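Please keep the sequence and the structure in view while reading.

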Amino acid sequence: MDKFTSGTMNTDALGLKKQKISVFTAVFMVFSLVAAGCYGIEEMIPSAGPGLTLIMLIALPFVWGLPFGLVASELGSARPQEGGYYKWVQEAMGEFWGFQAGWWRTISIYIDNTLYIVLAGGYLFSMLGTGNPYLEFAFKAAMILVFMYINLRGVRDVGIVTNALSIFVIAAFAMVAIVGFVNWGGNPFVPLTAEPITSGADWIFYIGAGISIGMWMYSGYESMSTFAGELKDPQVIPKATLLAVPLIMATYIFPTMASISSLNAVGGDFTYENWGIDPSTTVGYATVPSYFLGPAFGVFFGTVAVIAQCSIYNTYIASGSRGFFALSEDGLAPKFFTKVDKKYGVPYVTVISIAVVNLALCMFDFSTLVVVDVFLLVSSYIMVYISALILRKRIAPGDYKFKIPGGMGFLRLVCIVPICVAVFSFLINGSDYFIGGMIGIVSGPILYFIWKRRYGGLAKKDPEANPVNKKTGLAIGDMKRFAILFALLAAIGVAGSFFLPWYEADWSYPGDYDMTLFATQGALYTGIRAMTFICAALAAVFGFTARAIEEPTP
């Protein structure tokens with residue numbers, strides 16, 4: 001008998017150990033993957049304005065968070081398998097597009113996960129009042145090692161730790177909301193925007209100042225799907241997702257509303273203009289208990305901030321590490337990523353890999369890497385929405401344990417609205433985010449070209465269903481898919497080349513900023529145009545190549 005598939009191990013054919021978690025535990029895991037507190041919203045308030053921040057926190061669940069929660073629940077109920085959203089896109093759109101979605105989301109998690117390490121260290125050492133870089137790095141390394149060890153023990157242990165941490169975080173933000181409402185100081189929606197609106201362009205500016213953070217705050221509902229293959233009852237995931245949506249909305253909206261109102265009434269340095277993520281120099285959620293209940297409660301809440309980052313990090317190791325496992329199992333990444341621990345039935349190489357990457361990145365100022373994150377995440381989401389529309393027509397009705405009500409017409413609305421929001425977000429983050437995101441997207445087809453040719457892809461599993469073009473070493477039809485992807489990137493680049501200089505005109509005007517910034521933005525616009533031209537040229541090359549040498553798609 002295979003050493004990984006012994007009945008006493010309760011493992012599947014891949015060696016993954018099946019573990020039982022409750023809906024209660026799954027709810028807190030989804031909560032940690034999406035929220036784990038309000039951290040990040042502090043940056044929206046002074047940029048967009050308190051009123052507009054609250055409006056976006058209330059509206060975004062219905063045009064971004066809830067739609068994806070519904071789609072992830074529907075697809076997860078019909079296709080609960082290791083790899084989750086990557087496998088959904090693969091089934092709907094094929095090997096090439098499945099790889100793009102899997103790679104974009106996985107690499108964004110590897111980058112994004114380091115944020116939680118840095119934030120935890122920043123909160124802790126800001127609270128302690130010391131800036132010793134060696135101690136801070138030691139703390140970050142210890143945090144990585146502790147949660148790597150927990151993840152190496154399996155999803156069940158991850159869930160147990162997440163339960164404890166999440167309950168603590170929810171209780172702390174409930175305290176903030178209660179204290180804020182008790183000390184209510186007036187309308188938290190006033191002022192609506194950071195500065196008075198004088199033109200239609202101002203609305204775009206202020207929405208753009210906050211919407212990306214808001215979208216990031218309501219993202220992650222699909223993340224548990226990646227380890228569905230390790231659960232005895234994977235249907236707990238869609239159930240937990242639907243229950244977590246209102247919990248997350250309440251965690252964001254009520255503490256923010258109460259905090260803005262109570263602190264605006266205090267006035268002075270506590271008004272909305274001074275909100276930020278550095279608790280030692282700016283106003284934030286910790287200010288509410290600290291001011292109204294005493295400094296000890298501020299220290300308590302600072303501790304909660306560290307715990308919240310630990311909770312997010314813990315669950316995202318589990319989610320992000322399964323991405324490379326699924327890609328590798330399909331022959332689209334190095335085979336060593338499929339190695340599974342014999343005792344715990346966990347893909348230990350991928351867990352260790354995410355810890356190693358995080359350890360390396362937390363040593364640097366990786367703000368440059370962060371610009372890629374949202375672009376990659378949003379792009380993978382678009383792929384999942386498109387896949388939901390395709391699979392609704394392909395999957396047998398009896399396979400769905402949960403189905404979005406309202407028929408195909410309502411499903412189109414649920415998918416198309418957030419796709420439009422996603423495309424809008426591409427353009428309003430700024431030119432640095434735009435070009436960084438385009439570079440990140442291009443990494444997908446490059447890696448697919450290399451790994452498909454080297455490791456064989458799905459053709460290794462089933463060559464008849466996944467035939468290879470002998471002239472290219474890729475799947476039949478891939479040349480055309482390359483052309484389509486680069487043509488889409490070129491179209492987005494053209495839109496950005498016209499929109500961004502207009503949108504950022506006030507940002508780069510030499511009368512307001514120094515010439516270095518002005519020159520930097522000029523270089524970014526040049527880079528965007530160059531990327532657009534390269535993508536258009538590659539689209540043409542792949543298109544002509546497809547016509548010349550591509551075999552007919554079976």
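## The largest cavity

In this predicted model, the largest cavity has a lining of 19 residues. Those nearest its centre are Val-34, Ala-35, Tyr-116, Trp-216 and Ile-312. Two or more lining residues come from each of the helices α1 (23–34), α5 (95–128), α8 (200–217) and α11 (295–329). Of the elements that contribute, α5 gives the largest share, with 4 residues.

The space in the largest cavity amounts to about 180 Å³. Its lining comprises 13 nonpolar, 4 polar and 2 charged residues. In the structure as a whole, the count is 3 cavities of 30 Å³ or more.

## The second largest cavity

The second largest cavity has a volume of about 70 Å³. It is lined by 14 residues, and the closest to its centre are Ala-72, Gly-76, Trp-88, Ser-225 and Ile-237.

At least two residues of this lining are supplied by α3 (50–78), and at least two by α9 (236–266). Sorted by class, the lining of the second largest cavity holds 8 nonpolar, 4 polar and 2 charged residues.

## A buried loop residue

Between α13 (367–394) and α14 (407–428) lies a loop that contains Ile-404. Is Ile-404 buried or exposed? Ile-404 has a relative accessible area of 3%, so it counts as buried, the cut-off being under 20%.

Which residues does Ile-404 touch, leaving aside those up to four places away in sequence? They are Leu-70, Val-71, Glu-74, Arg-392, Phe-410, Leu-411 and Val-414. One of these, Val-71, is 333 residues away from Ile-404 along the chain, yet the C-alpha atoms of the two are separated by 7.5 Å.

## Cysteines and disulfides

How many disulfides does a search of the whole structure find? The search finds 0. A disulfide requires two cysteine sulfur atoms within 2.5 Å. For Cys-415, the closest cysteine sulfur belongs to Cys-420 and lies 11 Å away, so the two are too far apart for a bond.

Seen from Cys-420, the closest cysteine sulfur is in Cys-415, at 11 Å, which is likewise too far for a bond. Cys-415 is also buried, with a relative accessible area of 0%.

How values were computed:
Residues numbered from 1 in each chain as written. Predicted model: local features only at pLDDT ≥ 70, side-chain atom pairs only at ≥ 80, totals over all residues. Heavy atoms only, no water. Buried < 20%, exposed > 50% of the residue type's maximum accessible area, 1.4 Å probe, protein only. 1 Å grid on protein atoms, 1.4 Å probe; cavity = no way out; pocket = protein on both sides within 12 Å on 5 of 7 lines; lining within 4 Å. Points joined across faces, edges and corners; volume = space filled by probe spheres on them. Nonpolar A, V, L, I, M, F, W, Y, C, P; charged D, E, K, R; others polar. Contact = heavy atoms within 4.5 Å.
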